[in-house]
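Please keep the sequence and the coordinates in view while reading.

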Amino acid sequence: MADREAAAKQRLFARCLDALPAPGHGAERIPDGLITHGREPRYATDDGDDAPWLGAFFIPGRIELLGKHTDYAGGRSLLCAVERGFVALVRPRTDRIVRVIDTARAEAREVTLAPDAEISSADWAAYVAAAARRLARNFASATRGADIAFASDLPPASGMSSSSALTTMVVLALGAVNRLSEDLAYKDSIGSREDLAGYLGTVENGRSFGALAGDAGVGTFGGSEDHTAILCCRSGFVSRYSFAPIRAEGEVPLPAAQALVVAYSGIAAEKGAAAMAKYNRLASAAERIVEQWNAAMNRTDGSLAAVVESAPDALDRLRDVLGGRSSSDFPPSELSDRLDQFVLETYDVIPSAFEALAGGDLAAFGALVDRSQEGAERLLRNQVPETIALARLARDAGAHAASAFGAGFGGSVWGLVDASDAEEFSARWRAAYGRAFPDAAARSEIIVTRPGPAAMPLVIDA
């Protein structure tokens with residue numbers, strides 16, 4: 001990552017070290033501590049070293065360049081990690097308590113690493129509890145708790161996947177403490193980073209992952225796009241993935257002459273209460289389309305993509321099915337719009353945009369991204385006036401491409417710009433947004449980033 005971002009993470013780690021409880025308060029001294037090297041941990045034994053184990057992790061946020069509400073329906077996305085995210089320091093405990101300390105808020109949450117741990121929906125503790133409970137249910141070796149101190153430089157509820165980064169952080173930390181990669185159930189089900197991303201998606205949505213039984217989750221009906229970007233994307237690259245199951249379909253380097261500018265709208269992309277209901281309705285609409293198809297055609301297709309790809313004329317037949325059947329909870333027009341947006345994004349915009357970006361045709365790329373944004377506004381209807389304006393204002397300010405991303409109903413907009421103009425572009429964009437929405441702009445934040453590294457353990461120099 002850029003030097004300025006690396007320096008910022010060093011400051012965040014210092015904050016975590018100050019907040020982490022000293023050894024002896026439930027922390028265990030482990031002779032054979034975890035040594036990290038590169039992207040994956042390895043274990044070593046040093047009988048003469050009784051220093052307490054201290055783990056360190058970086059977990060990035062992500063940008064969904066394209067792929068609006070496609071992953072849980074088996075569609076495609078264009079993704080990259082960002083240079084901002086979570087840092088965490090982790091110490092094992094001798095009991096089952098998982099104590100997570102948010103250094104920014106100066107507050108902590110405690111849950112028990114147990115199959116019956118209570119999941120509260122009150123705040124960020126829900127993600128901690130869901131992760132701890134699911135690990136305890138799925139893996140017999142998940143018996144040791146941990147103290148985890150974290151700090152983040154992601155704008156919260158901005159659509160850059162701070163909630164999924166939090167879930168990933170807890171699972172990676174407890175996985176290291178309990179050596180879950182050595183657990184037979186883990187080995188049988190999780191053999192790659194893509195597998196882990198798929199599993200993390202089910203930790204949040206509550207579904208099973210192969211033989212690993214599902215649980216309550218956190219109440220969102222999402223997929224594994226966020227976790228895939230966090231775990232699998234590479235520094236400097238935009239990655240193309242398809243989902244259900246996760247499949248890498250290629251990557252393209254973002255030229256050094258380009259940068260991504262992300263503007264948080266000031267409208268929180270929360271997934272609680274009413275916002276969660278709106279988000280889940282889009283996922284439920286995709287499921288209802290599949291249900292109607294399977295009922296009409298006597299099939300058992302598992303996703304919207306599986307339906308569309310089941311035969312050359314499947315899409316036409318699916319439209320006939322939707323036109324001839326009614327649903328008590330979705331009017332036919334809503335299901336038709338949901339289908340149209342999914343097909344536009346997955347089979348038209350994303351393949352063409354990927355090729356345009358790979359070929360350096362930024363004009364074509366920008367036009368395709370505009371089509372995606374228009375589909376979100378007209379067909380998904382998950383945009384708010386602020387994100388609609390931000391996308392247009394970014395283009396007016398000179399962005400090669402710009403789009404809202406994430407769950408919608410708030411959140412952020414990304415713009416692709418010349419790196420040499422990134423700071424001046426940011427100032428123009430901020431000023432224009434301030435004139436259009438002064439109240440929201442007062443809460444907004446703009447960051448400049450390149451595609452960053454995936455989540456990783458880090459070496460601590462004693």
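How much accessible surface does the chain have, and what share of that surface belongs to carbon and sulfur atoms? In this predicted model, the accessible surface of the chain comes to about 18,100 Å², and 51% of that area belongs to carbon and sulfur atoms.

## Overall form

The chain contains 14 helices and 14 strands. Its radius of gyration is 22 Å, close to the 23 Å that the globule rule gives for 462 residues, so the chain is as compact as a globular protein of that length. Taken along the principal axes, the box filled by the C-alpha atoms is roughly 70 × 55 × 40 Å.

Of the 462 residues, 59% count as buried. When contacts between residues at least 6 apart in sequence are considered, 73% of them join residues at least 24 apart.

## Charged side chains

The chain carries 47 positive and 61 negative side chains, and the centres of these two sets lie 2 Å apart.

## An enclosed helix

Helix H6, which spans residues 225-232, has eight of its eight residues buried, so it is largely enclosed by the rest of the structure.

Glu5 lies in helix H1, which covers residues 3-19. With a relative accessibility of 5%, Glu5 falls under the 20% cut-off and therefore counts as buried. Its side chain makes a polar contact of 2.9 Å with the side chain of Lys9. An α-helix has 3.6 residues a turn, so residues three or four places apart point the same way. Leaving aside residues up to four places away in sequence, Glu5 touches Glu83, Arg84, Asp153 and Val448.

Is Asp439, by comparison, buried or exposed? Asp439 is found in helix H14, residues 438-443, and its relative accessible area of 62% makes it exposed. The C-alpha atom of Asp439 is separated by 8.4 Å from that of Gly266, although the two residues are 173 residues apart along the chain.

Note on methods: Residues numbered from 1 in each chain as written. Predicted model: local features only at pLDDT ≥ 70, side-chain atom pairs only at ≥ 80, totals over all residues. Heavy atoms only, no water. Helix = DSSP H or I, 4+ residues; strand = E, 2+ residues; numbered from the N terminus. Rg over C-alpha atoms; globule rule 2.2 N^0.38 Å. Buried < 20%, exposed > 50% of the residue type's maximum accessible area, 1.4 Å probe, protein only. Contact = heavy atoms within 4.5 Å. Areas by Shrake-Rupley, 256 points an atom, 1.4 Å probe, with all protein chains shown as cover. Lys, Arg positive; Asp, Glu negative; His and termini not counted. Charge placed at Lys NZ, Arg CZ, Asp CG, Glu CD. Polar contact = N/O pair within 3.5 Å; in protein donor to acceptor, adjacent residues only side chain to side chain.
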